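Thanks for passing this one along. Here are a few notes to read beside the structure.

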Amino acid sequence: MEEYGGGDLLSEAMGPGARVVVVEDRVEAPGAFVLHLLLKRALAGGGGAALLALAQPFSHYDRVLRKMGCNLSLHRKSRLHFFDLFALLLCSGVAKGDAISDSFVQLYGDIQRVMDANRAGDNADRFTLMIDDVSLLEVAAHGSVDVVLDFLHYCVTLTSEMNCSLVFLIHEDIYSSEEGAGLLMHLRYIADLVIRAAPLSTGLATDVHGQLSVVNKCVFSEQRPKAQRIWNFHFRVKENGADFFYAGSRH
Amino acid sequence: MSEAVARCLRDGRLDGEHAPALAVGSTLRCSPLAARAMLHLAAAVASHAAAGKAQARGLVIVAFDRSPEVYLDFMRRRGLDQNALNRCVHILDCYSDPIGWKEKIRSQQQHESSVDLCATNKANVIVFRNVKDVDKLLCSSIDLGRGFEGTGKICFSIAVDSISSMLRHASVSSISSFLSNLRSHDQISSIFWLIHSDLHEPKFSRAFECLTTMVASLEPAVVDSVHEEEIPGDVSFLEENYSKAKFYVRLKRRNGRVKHLYEELHVEGNEVRFVSMPSVSTEVNQSLLPKVQFNLELSEKERSDRANVVLPFEHQGKGEPIRIYDGRRSLPEDQRDPNLTASALLDEVPKSATPKGEIHYIRDSDDEQPDSDEDPDDDLDI
């Protein structure tokens, strides 16, 4: 993966072996660009990917990724499995608890089948499942946090059964109040790696769009026992990617 | 692990008592370390059982948060061989398919040749597919424990990892009864569980702590007192929290006494170490002693010299009984001792060769109380 944007601060901070990555963002500093980067890396590295899109339609991702030099339409035929759940949000009217749960079981079944197929094929490389975003998943579940957590737990079990990693995007500022913190807290617990996008703490700047803090919990990774666990750096989002740099290292 | 805790879990229950129970509580900051501590505990109990040093013949792990493979891997690295693992560790897998979705999906697509992802070929791992049914969970856990080999009464330990995941599917009261049923079951030697206390209201973790004999809580080694975690900023100084944590243990004795222990938990790679720390009271004493430049301590000689000093009131008697005139004593009593009667005293003074300035006081009458509250000046007409 070195040639595909490797060597930057983000991939250095993420290191190898993180199975569950949670990207937290807020309204002032959207973290969708991290998701785009990770999607591009997953596809460029030769592995497969599944994208559960609730926030945007396919054409949006296609356009953004095309600027970054990755043709999603081309990949969609082979390695990218795009689940358009945007429609699920719109058409889901009043549904009862069982119906919601059933639709999530269905969704999980589809994902599992896709992964099975991916594993069975010659393409036995790493598989990445992305969810954009978990907050909307909760909306799709009519606010039933338990169903979402069950679904996410089942996704997590896939990481130990198959060679797969997960990337979840969640808007943390929605959960700032005490009673709504359940989903965010649970997600932080199951995460191996938390990437948090936030506006610049020192105020606005023209050439810095915000800061990322990466916390690498990786409990069971044996490769780098003494490795740095917490990273802080600034980012600048560009049309064809993003720059990551330490504070003060750029003018 | 603090030795005392490991010893309690190893020694198990006494006849006519409930099994010792340990709750390990942690928060999000310490969750990686708490997971490690839990694995370490499980490995310690399992290896005691394998070596035949414990009351328990084996360990049943009710796994919610981590896949069984994680436990087995960890124990293998701790030097337990496959044979010992098969013999002494049974895992009830509530992680792979907790509410039966995978089963449901497989039954739907039975015509296709789908492989059972959770079907393990391991004899000591059993997948449990309905965690909402706590009673069934209890039965399955105990059944799994009965499978350990041995003669006579077979005891076993139980680890629940974690209660927080159970709470997502079951009520507090049903889990409380699950835990108390386990504790009071006569085949259970000890029980320990992990709870993420910040996922629930404080009263929930308290409710479960009431059922324990030991409570261990992990707290971050470094606390950011200026910023809350929510405020983005430079959090690099919290790095240390990912390699060590404070480990507080409360041991409840049978007579109700509570003992506090404080240790530090260090994690390096696969290694988990507990470093004992000075107890809280010694720490307080040390920090409260004033830092002065002169010596407050006495040497041994100074101490003995001090003991030999005769204090001013001590040489009055010179071996004889001390008699101090007490005017309150009634006269007839005093008359027996001629030296101390008023007349004798008055007579003797002029006779003495070296007259000293002495004041002798003779009370006017016995009517007046020696310590009368009466104002002495009240007869002055001012």
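In which hand of crossing does helix 8 of chain A pass helix 9 of chain A?

1. The crossing is right-handed where helix 8 of chain A passes helix 9 of chain A. Please keep in mind throughout that this is a predicted model. The two helices, residues 145-161 and residues 182-190 of chain A, pack at an angle of about 15 degrees, and their axes are 11 Å apart. Since angles under 35 degrees count as roughly parallel, helix 8 and helix 9 of chain A are therefore roughly parallel to each other.

2. On to the residues behind that packing. Helix 8 of chain A brings A:V145, A:V148, A:L149, A:L152 and A:V156, while helix 9 of chain A brings A:G182, A:L183, A:H186 and A:I190. By class, this contact has seven nonpolar, two polar and no charged residues.

3. For chain A overall, you will find nine helices and nine strands. The chain has 251 residues, of which 43% count as buried. Among contacts in chain A with a separation of 6 or more, 74% are between residues 24 or more positions apart.

4. Helix 8 (residues 172-184) and helix 9 (residues 202-209) of chain B pack at an angle of about 20 degrees, with 10 Å between their axes. Helix 8 and helix 9 of chain B are therefore roughly parallel to each other, and helix 8 of chain B passes helix 9 of chain B in a right-handed crossing. In this pair, B:V172, B:S176 and B:L179 of helix 8 meet B:F204, B:A207 and B:F208 of helix 9. The contact is made of five nonpolar, one polar and no charged residues.

5. Now the interface: 31 residues of chain B are in contact with 30 residues of chain A. On the chain B side, helix 2 (31-50), helix 3 (68-77) and helix 5 (101-108) are the elements that give two or more residues. Helix 2 of chain B gives the most, with four residues. The side of chain B that touches chain A holds 15 nonpolar, eight polar and eight charged residues.

6. In soluble globular proteins, nonpolar side chains tend to be buried together. Here the largest nonpolar core has 155 residues, and B:A42, B:A46 and B:L59 touch the most other members. Helix 2 of chain B supplies the largest share of this core, 14 residues. Setting aside neighbours within four places in sequence, B:A46 is in contact with B:L59, B:M75, B:L80, B:C88 and B:V89.

How values were computed: Residues numbered from 1 in each chain as written. Chains lettered and ligands numbered in written order. Predicted model: local features only at pLDDT ≥ 70, side-chain atom pairs only at ≥ 80, totals over all residues. Buried ≥ 20, exposed ≤ 12 C-beta atoms within 10 Å, placed from the backbone. Contact = placed C-beta atoms within 7 Å. Axes fitted to C-alpha atoms, helices over the stretch in contact; angles between N-to-C directions. Parallel < 35°, antiparallel > 145°, perpendicular 65-115°, else oblique. Left-handed = near helix turned anticlockwise from the far one by under 90°. Nonpolar A, V, L, I, M, F, W, Y, C, P; charged D, E, K, R; others polar. Core = buried A, V, L, I, M, F, W, Y, C linked by C-beta atoms within 7 Å.
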